[in-house]
Amino acid sequence: MTYAFRTEGLVKRFGATTALAGVDLAARPGTVLGVLGPNGAGKTTAVRILATLLRPDGGRAEVAGHDVVRQAEEVRRRIGLTGQYASVDEDLTGTENLVMIGRLLDLPRAEARARAAELLERFDLTEAAGRRARTYSGGMRRRLDLAASLVARPEVVYLDEPTTGLDPAKRDDVWALVRQQVSQGVTVLLTTQYLEEADALADDIAVIDRGAVIAHGTPHELKGVVGGQTLRVRPLDPARLPEVATLLERIAGQRPDSPGRGMLGVPVDGDAALAPVVAALAERGIAVTELSLRLPSLDEVFHTLTGGRSRTGEPVAEQDREGAAA
Amino acid sequence: MSTRVLAHSATLAWRSLVKMVRTPEQLVDVTMQPVIFVVMFVYLLGGAISGSTSEYLTFLLPAIMVQTVVFATVPTGVNLNTDIRKGVFDRFRSLPIARSAPLLGAVLGDMVRFVVCVVVLLGFGYALGFRIGTDPLSAFAACLLMMLFAFSLIWVSVLLGLTAREPGSVQGIMFLAMFPLTFGTNMISPTGTMPGWLQWWVEVNPVTDVMAAARGLLTSGPVAGPVISTLLWSAGLFAVFFPLAVRAYRRSA
C-alpha cells in the first residue's frame, strides 16, 4: 500500500524526557489522519519530525516515500505546515505574508501575487489583505496561517491543533477549509485535543498518550471501544425525571443513568433516537432545559483506553513550547 | 553560493526591511540614542576635555559612529529570537529553501540599519560643525570599515538570538557586552588619565582599533595600523562566530 506519510517506531527524547517512545502513524493519500491526545502527549513532536524541523532519535519517518532526515529537501517540497499557534508575520500584511512564501518557493513576482490573491479570496481575507496581520482576529490569523501552508500546493498538510482557542463558528470555518483541501486530494495530518474534531474530520484516528499510540482505528471503531454518543435530557421540572427515564429506556433500549443532578443520559448509536425522543417529550408536554447528543470527552476516552488512569495530573512530557501554548 | 540562495536571502532581507520600517522605534533606538550621546558629550564634556566643543566633536564623532553600528547589532539577535519563539522560523525551515537563507536574509536586511546609523550620525555631526579632515574616499572607507566590523560582530548577536531562551535575554547579554566594548575605549576621552587596568583594557579592546581607524580615515591620525587590526579582528570574529551561528541554527529545534 502506498502512504502519503508514515512513521515507524519513532523515538524522540529531550534530555531525560522521552517525548516519543516508538510511534507508528500512517495515512493513505487523500485521507485525514487525526492524532488525538492531551497536551504533552507527543503530538507536536511527531509533527515537527514529519516537517523536518526535528531529527528523530530512533525509528524513521517518510513523506511520499522520502526519508525526513536523508531526503529532507524532497520532503519540504511536498509539505505544508500550520503551527499550533499562528506563525504568520505580524508586521506584514496578509498579502505580504503570502507573497513572501511564494517568492521563497521560487514563484515569479507576478505569480506569487496572483497566488496570494487567490488564497486570500478563498480564505475570505480579501478585505483584510492590505492590513497587517497584527490587527487580525484569532480566526483570521489561523486562516492566513493555513493559506500560507498551501501556497506551495502541498501533497501533505500538517495541521497542529488548528482550532485550539477558536470559538465554534470559527472552528467550523477551519473544518470546512480542511474538508475542501481533502476533496482536492491533499493528505492531512491533524492533531487535536478534541474527539469531536477528530470525529468530524478524520478517516483514521490514532490516540496517543505519553509518547505512544494507545489506540488506532476509524472513528467508528474507536467509538466502539470508548462508547459512542450519549443522549442527554434535563427536564425543566425534576419531578418528571422518572417519566423521562421510562421514555428514554423505551426508545434507546437501555436504562439511562444520571450523569448530573436532574439530568439523564443514555448511550445511543447516531442521531436516530433524537427525533423520537423529541416527539415523545412533546407528546407528554415535558419541557426540557437541555437536550443534547454528545461524544465522550477526551477525558472519558482516556479514562476508558488507559483503564481508569486519569490524564489530569500526569506529568507533561513534551517540549515546553507545547505546554506554553496550551 | 547559488542564485536561489541569494534570491531567498533577498526576499527575507526585504522582510526585515519592511519590519524595520513598520516598527520605527527600533530605528529610533539606534539613531536617536547616539544623537543624544553626541549632544550630551559634546556640550557637557567637550570644553573640559578638548578645550572647545568643536575640537571635541572632531574627536568624538568618528568613535561614536563606531559605537552606534556596534550597538546596532543587538536588534538582529533579538528579532531572530522573537521569530523563533513565535514559530515564524518553523515555517521557513519547513520550506525547500537553503538552510542559511533565513540567517543571511536577516543579517543583510539589518546591514541597512548600519547604513542608516552612519548616515544619520554623519549628517547630524555636519549640522553641529563636524568636517571630514581627509578626503571623501577615505571617509567612505571609514564607513565601510565600521560596517564590516559590525557585520562580523553581528554573528555574535545571531548566535545569541538562536540559543537564548527569550528575546529579553539576548538584549540583556548583548548590552552587557556592548558597554565595556564601546565605552571601554578612548571614545569619550584620551586614555592618559585612566587607571592602569583600564588603560590595559582599552589597549586590547578591538573596538578601540576600529575607532582609531575611523578617526584616521575621517579626520586625522594613523591609518594603516588600526585598519589592519580592524580587518584582522573582523576576520577573526567572523571565522569564529559565523560557523557557530550556522551550527546553532541547524540544531535549533
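**Note on the predicted model**

1. Strand S12 and strand S13 (residues 263-268) of chain A pair in the antiparallel sense, over 2 bridges. Within this part of the chain, Asp257(A) stands opposite Gly265(A), which lies in S13(A).

2. Now the sheet around that pair. It is open and has 4 strands, in the order S12-S13-S11-S14 (chain A), with antiparallel pairing. S12 (257-260) and S14 (288-294) of chain A each have a single partner strand and stand at the edges, so one side of each is left without a neighbour in the sheet. From one strand to the next, the twist averages 30°.

3. Helix H9 (residues 241-252) of chain A touches strand S11 (229-235) and S13 of chain A. The direction of H9(A) makes about 5° with that of S13(A).

4. Next, the contact between chains. Here 23 residues of chain A are in contact with 19 residues of chain B. On the chain A side, helix H2 (72-76), strand S6 (79-82) and helix H3 (94-104) give two or more residues each. H3(A) gives the most, with 4 residues. The chain A side divides into 11 nonpolar, 4 polar and 8 charged residues.

5. Last, confidence. Chain A averages a pLDDT of 86, and 93% of the residues score at least 70. Within chain A, H3(A) has the highest mean, at 95, and helix H12 (residues 320-325) the lowest, at 36. Over residues 310-326 of chain A, pLDDT stays under 50. The model has 32 contacts beyond four places in sequence for that stretch. Where pLDDT is low, the predicted coordinates should not be read in detail.

Conventions: Residues are numbered from 1 along each chain as its sequence is written. Chains are lettered from A and ligands numbered from 1 in the order in which they are written. This is a predicted model: local features need pLDDT of at least 70, side-chain atom pairs count only at pLDDT 80 or more; totals for chains, interfaces and linings use all residues. Two residues are in contact if their C-beta atoms, placed from the backbone, lie within 7 Å. Ala, Val, Leu, Ile, Met, Phe, Trp, Tyr, Cys and Pro count as nonpolar, Asp, Glu, Lys and Arg as charged, and the others, Gly among them, as polar. pLDDT is the predictor's confidence in each residue, from 0 to 100. Two strands pair if DSSP finds at least two bridges between them. Axes are lines fitted to C-alpha atoms, for helices over the stretch in contact, and angles run from 0 to 180 degrees between N-to-C directions.
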